[in-house]
Every structure is written in C-alpha cells, then in structure tokens.
Amino acid sequence: TTIASGLPVNQFKQAISQHNRQIGLWLATGDAYVAEMVAGTGFDWLLIDGEHAPNDLRGTLAQLQAIASATSTLPASARAAHPVVRLPTADPVLVKQYLELGVQTLLLPMIDTPEQAASMASAMRYPPMGNRGIGCGLARSSRWNRFSSYLQEANAQVCLLVQVETVEALNNIDEIAATPGVDGVFIGPADLSASMGYLGQPGHPEVVAAIQKALARIAAAGKPSGILATQEAQAHQWLEAGVSFAAVGVDISLLSMAAQGLASRFTQTASPVVVSRNGY
C-alpha cells in the first residue's frame, strides 16, 4: 500500500494503533539470506536486532533489501513481513542513520524516563514536530527523492517503540507510555528480571506480576504493548493479557534447537570422559 508520493504506508503502525495482533520473529543471525527466507513464512513483523546480535548499519541494509525482495514476490493474499530494527542504544545519531536506510519502525532499548522517550520521539520526526536532520535526498528512505513528498509524509509513517526493562522504567511507565510520539511500549523480560533482582529468571512470579501490571498501565495510557516470549505457552499468556505485538521466536535459537534435535536422533551419546581427582 502506498500514498500519493509512493511512500509506503506503515501497516505495522496502523495495526498496533488499532490493537490488532501482530506476531513477529527475532532476527539474530545477522544474515540477509536468512532474513529473506523467513520473510515469506507468514510473520507480521521481523525484528533485526542491533543490540545483542551482529547487525550493523550495512548488515541491516542488506537485510532490509532482502525482506523487501521476499515480500514483493508474495501472493496478494499472503502476509508481508514488516521490518523493525532495534538499535544498540537510544542515540539520535543512530536514529537518523537507520531512518535514512528506510526503516520506518525502530525499537529503542533502555528507555527509563519520559524525558528519554520524548527525546527519541523528537529524533524520529522532522520539524516542527521534532529535530530529525534533513538529508533524505542522499538516502534510501526517500528512494533518493523519488518519493517527492517524503519530507511532508515521513512523520506520519515512522513508528517509535520504546523498551521498558528496568525497575526505574516501571516506576515511570505511565508517563513514558503517555509521551507524545511514542507509538508502542515493549517490555524486556530478561533485563527487567535482572533489574528486579531475579537474574536469568524472567518467569519468576514477581517478574510476571510486574509485567502484568505494566501491560495494564500501558493499556490505560491508550498505547499498544509488545514483548518477546520464546516459550509458546508464555507467548499465549501475554497475548491473552492484551499484548498487541509479540515476537514468539528467535531465528538463531530455532536453527540451533532444530540442529541439535536432528543430531541427537542420529548420533549415539558419547561415553563420558573420566577425569581423575588430580584433573588429568
């Protein structure tokens, strides 16, 4: 779907604003070939992770191109995956660079205060709504000025997702969610559990209870919520709790588990190595 100048409409932003469920997959391999393959598998969105995976600016560009290539050849009835990029840090300079690549939806980590959220909302948008630098004539985002009204239409199509993943952020979640220009709030269970004192225990009852309260507060602010849940039962739990956009798997984990499972079905368990008390 396009608007008058040809600028793509952000279907993901439209969907979550109406609280329509969007199911996604995390991309952590850093590989455009994998991104192209999974783009045609039926997910609504794909998260290119630049925080905890080997995805840099050029690697992300290659994956954006691969996803666009894959979705352009899908039947009209098929779902076209929307690329979302998580930056390594909430930095206005990086926001500008990735928007120029043509990314329309950014997930920004470790947003702890409404002031941080407001700063990122401003970095996402051109004046007078924000302070995004103007250089789209050099960029893929405007197709090198082939989208003649890009500057006038870009603000409406960008989508800012902020990541709440600390106790401080939980304490400020009402104000963060209500910040103008924040389009969705994403809960990070792993870091949140660590911040709460339950390192490596995102399923701890106290963490789960905190997330449930956070989701209710995000909904009260009128904003959609998101989460990553790689356990199927837990993903359904959060969707039933009202999450609008959920990532339900990670590409590299799926590959690793499938490979290990296949190997285990064809190989015998190796004899245990006996180590003496002296260590040799």
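**View 1. The second largest pocket of this predicted model has a volume of about 430 Å³.** The model is predicted: local features need pLDDT of at least 70, side-chain atom pairs count only at pLDDT 80 or more, and totals for chains, interfaces and linings use all residues. Residues are numbered from 1 along each chain as its sequence is written, and side-chain values use heavy atoms, with hydrogens and water left out. Among the 20 residues that line this second largest pocket, W26, P189, A190, L228 and T230 are the closest to its centre. Two or more lining residues come from each of β6 (184-187) and α9 (189-195), and α9 gives the largest share, 3 residues. By type, the lining of the second largest pocket holds 10 nonpolar, 6 polar and 4 charged residues. A pocket is an open set of points on a 1 Å grid over the protein atoms alone, where a 1.4 Å probe fits, with protein on both sides within 12 Å along at least five of seven lines; lining residues have an atom within 4 Å of a point. The volume is the space filled by probe spheres set on the points.

**View 2. The largest pocket has a volume of about 810 Å³.** Its lining has 33 residues, and P8, V9, H82, P83 and Q104 lie nearest the centre. At least two lining residues are supplied by each of α1 (11-17), α3, β3 (82-86) and α6 (150-157); α3 gives the most, with 4 residues. Helices (H or I, at least four residues) and strands (E, at least two) are DSSP runs, numbered from the N terminus. The lining of the largest pocket divides into 17 nonpolar, 11 polar and 5 charged residues.

**View 3. Q63 is found in helix α3 (residues 57-72).** Q63 counts as buried because its relative accessibility is 1%, buried being under 20% relative accessible area with a 1.4 Å probe and protein chains only. Leaving aside neighbours within four places in sequence, Q63 is in contact (heavy atoms within 4.5 Å) with L27, G30, D31, A32, A35, I48 and N55. The C-alpha atoms of Q63 and A39 are separated by 10.0 Å, and these residues are 24 apart along the chain.

**View 4. L46, V95, L106 and I187 touch the most other members of the largest nonpolar core, which has 57 residues.** Helix α10 (residues 205-220) provides the largest share of this core, 7 residues. A nonpolar core is a set of buried Ala, Val, Leu, Ile, Met, Phe, Trp, Tyr and Cys residues joined through side-chain atoms within 4.5 Å. Not counting residues up to four places away in sequence, L106 touches residues including V85, V95, M124 and L161.

Key. Buried means under 20% relative accessible area, exposed over 50%, partly exposed in between (1.4 Å probe, protein chains only). Ala, Val, Leu, Ile, Met, Phe, Trp, Tyr, Cys and Pro count as nonpolar, Asp, Glu, Lys and Arg as charged, and the others, Gly among them, as polar.
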